[in-house]
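Please walk me through this structure. Start with the overall fold, then turn to the side-chain contacts.

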Amino acid sequence: MHAFLTQPGGHLPIPVPAFGDSIRRRRLELGLNCARAAAMTGIDRAHWNALEAGWVPRGNERLLRSLAGTLQINYDVFVNAIAPLEAHFTETAA
């Protein structure tokens, strides 16, 4: 299982709908269905569905690189877009 942002002090992921929407839009722009995008990324369909629901992966460079590759997004741009989300939840947990 891949790491996703979690609630401070808990185990349930916090969805970020705008993130999921951007993943879904880009997948559709590329003409990929969910199953194909998941296979290209190296994750199962349930994890892909979680991404599109807004679950933000973190701390797994291999997954992030694979996801950026599948979506044909520059890795550095992609990671920089996720960084504020991670920082927000890290600060909330402190």
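This is a predicted model: local features need pLDDT of at least 70, side-chain atom pairs count only at pLDDT 80 or more; totals for chains, interfaces and linings use all residues.

Residues are numbered from 1 along each chain as its sequence is written, and side-chain values use heavy atoms, with hydrogens and water left out.

The protein has five helices and zero strands. Both are DSSP runs, numbered from the N terminus: helices are H or I with at least four residues, strands E with at least two. Of the 94 residues, 34% count as buried. Buried means under 20% relative accessible area, exposed over 50%, and partly exposed in between (1.4 Å probe, protein chains only). Among contacts with a separation of 6 or more, 63% join residues 24 or more positions apart; a contact means heavy atoms within 4.5 Å.

Salt bridges come next. The count is five, each a side-chain nitrogen of Lys or Arg within 4 Å of a carboxyl oxygen of Asp or Glu. Arg24 bridges to Glu52, with the closest N and O atoms 3.3 Å apart. Arg24 lies in helix H1 and Glu52 in helix H3 (residues 45-52), so this pair ties together parts 28 residues apart in sequence. Glu52 also bridges to Arg27, at 2.4 Å between the closest N and O atoms. Shared partners join Asp21, Arg24, Arg27 and Glu52 into one network. Glu52 is buried at 7% relative accessibility, and Arg27 is buried at 8%. Arg24 is partly exposed at 31%.

Now the rings. A search of the whole structure finds one aromatic pair. Rings of Phe, Tyr and Trp (its six-membered ring) pair if their centres lie within 6.5 Å; planes under 30 degrees apart count as stacked, over 60 as edge-to-face and the rest as tilted. The centres of Phe19 and Phe78 are 6.4 Å apart and their planes stand at 35°, so the pair is tilted. Phe19 sits in helix H1 (residues 17-29) and Phe78 in helix H5 (residues 75-93), 59 residues apart. Phe19 is buried at 7% relative accessible area, and Phe78 is buried at 6%.

Just after H4, Gln72 takes a positive phi of about 55°.
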